[in-house]
Amino acid sequence: MAKVLCVLYPDPVTGFPPAYARDSIPLIESYPNGQSLPSPHAIDFTPGELLGSVSGELGLRTFLEAAGHTLVVTSDKEGPDSEFERELPDADVVISQPFWPAYLTPERLAKAERLSLAITAGIGSDHVDLATAIERGITVAEVTYSNSIGVAEHTVMQVLALVRDYIPQYEIVIGGGWNIADAVSRSYDLEGMEVGVFAAGRIGRAVIERLAPFGVKLHYNDRYRLPADVEERYGLTFHDDIRSLVKEVDVLTVHAPLTEETRGLIDDELLASMRRGSYIVNPARGAIADRDAVVRALESGRLAGYAGDVWAPQPAPADHPWRSMPHHGMTPHTSGTSLAGQARYAAGVREILESWFAGRAIRPEYLIVEGGAYAGTGAHSYQAK
Ligand code: NDP
């Protein structure tokens, strides 16, 4: 029987369960590329419930305990005295969400002698040291596509919020004010702007599709070019390098995984080559941007705005400079964990566990590392080209 160690974010400060704003979530039948939704044999939760916090338990307890497994759920993940590190040595399976990542560093993996499966409840497994997972033969899986459209929606929201300067206008209203000149002094229309999408995978492609109707001119960079008919449909200009992409756009959105190639890519030099008054929205990973270079670019006016929902590390400390830098529209890491997103990745985790315990293959689209090598989605997106 296995011990499953699950690290989830803390419950709402107002108590669990929260008062839900709606009674249900829409039923989605398949993903845009035809991939089927998670299909576990059963679920023990109502879609639309809060599943990603400790008391939500990703809806897994009944299923795991009925099969004789042990489930430990905690949000206490930092440092050697954390419950996570104390429980790790005899854990067979670790589940963690990128929003509240349980970093599986080489040191921690060395202590996790029994670990054979690390599941990302969501997308993005950079919190796991993949090289060590490969060396140790640990399987790493994530729930590909579960929250991609939600992240694309969040991206579009933040692009509009920055360009139209929504947040200061909202604050004027809350403060009882009505100075329209103040409210519009940094407000522009997105229409007619040039928008660059860095990495046109599931999320980047959905951003392209959603931004096209705004009357923007779209550019993109990816390691592999999109089919010619797709480029034509959205009027896309392809750049074979991010450096050429950023020079020609007013807005940059970032959707690549965090790898050795993308870590620190948005640095002083890259930012200096952008048009004055550019905007960046990065919901991919915080460490793709150099933290202090972003602050400097906002202070100098090179950037007119920066938004996204990903930070390094997470949770961001109270004095993280991105909390207080000018003209930002940051959220905590929420775009992939709406109540609808949670229902899909909780079902996906259940599907992965059902397969694992039954000795069946995990779907290739969920695999990042298996059998000592990158596999499935991981072989395509995480491996150096
Ligand atoms: P995909 O794997 O579908 O897309 C990633 C794309 O990035 C692929 O097209 C890949 O290229 C491309 N890519 C990888 N490295 C480079 C590079 N060096 N230069 C240019 N392009 C590159 O993933 P998703 O779209 O689903 O997710 C993207 C990322 O978004 C995730 O890795 C994760 O970090 C983040 N994410 C954030 C969430 C949030 O809540 N904020 C939720 C979900 C994901 P190719 O495969 O063609 O080689």
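Trainee: How many residue pairs are in polar contact across the interface of domain 1 and domain 2?

Mentor: A polar contact is a pair of N or O atoms within 3.5 Å; within protein, one must be able to donate a hydrogen and the other to accept it, and residues adjacent in sequence count only if both atoms are side-chain atoms. Here the rule finds 11 such residue pairs across the interface of domain 1 and domain 2, both residues at pLDDT 80 or more. On the side of domain 1 that touches domain 2, the residues split into 8 nonpolar, 5 polar and 3 charged.

Trainee: What should I know about the model itself?

Mentor: This is a predicted model, where local features need pLDDT of at least 70 and side-chain atom pairs count only at pLDDT 80 or more, while totals for chains, interfaces and linings use all residues. Residues are numbered from 1 along each chain as its sequence is written, and side-chain values use heavy atoms, with hydrogens and water left out.

Trainee: Where do the two domains run?

Mentor: Domain bounds come from an automatic or database domain assignment. In this chain, domain 1 is 3-147 + 337-375, and domain 2 is 148-330. Their C-alpha centres lie 29 Å apart.

Trainee: Which residues form the salt bridge?

Mentor: A salt bridge is a side-chain nitrogen of Lys or Arg within 4 Å of a carboxyl oxygen of Asp or Glu. The rule finds 1 across this interface. Arginine 285 pairs with aspartate 126, with the closest N and O atoms 2.8 Å apart.

Trainee: And which residues come nearest the ligand?

Mentor: A residue is near a molecule if one of its heavy atoms lies within 4 Å of it. Of the 30 residues around the ligand, Arg202, Ile203, Asp222, His380 and Ser381 come nearest. A polar side-chain atom of arginine 202 is 2.8 Å from a ligand oxygen atom, and one of histidine 333 is 3.0 Å from a ligand oxygen atom.

Conventions:
Ala, Val, Leu, Ile, Met, Phe, Trp, Tyr, Cys and Pro count as nonpolar, Asp, Glu, Lys and Arg as charged, and the others, Gly among them, as polar.
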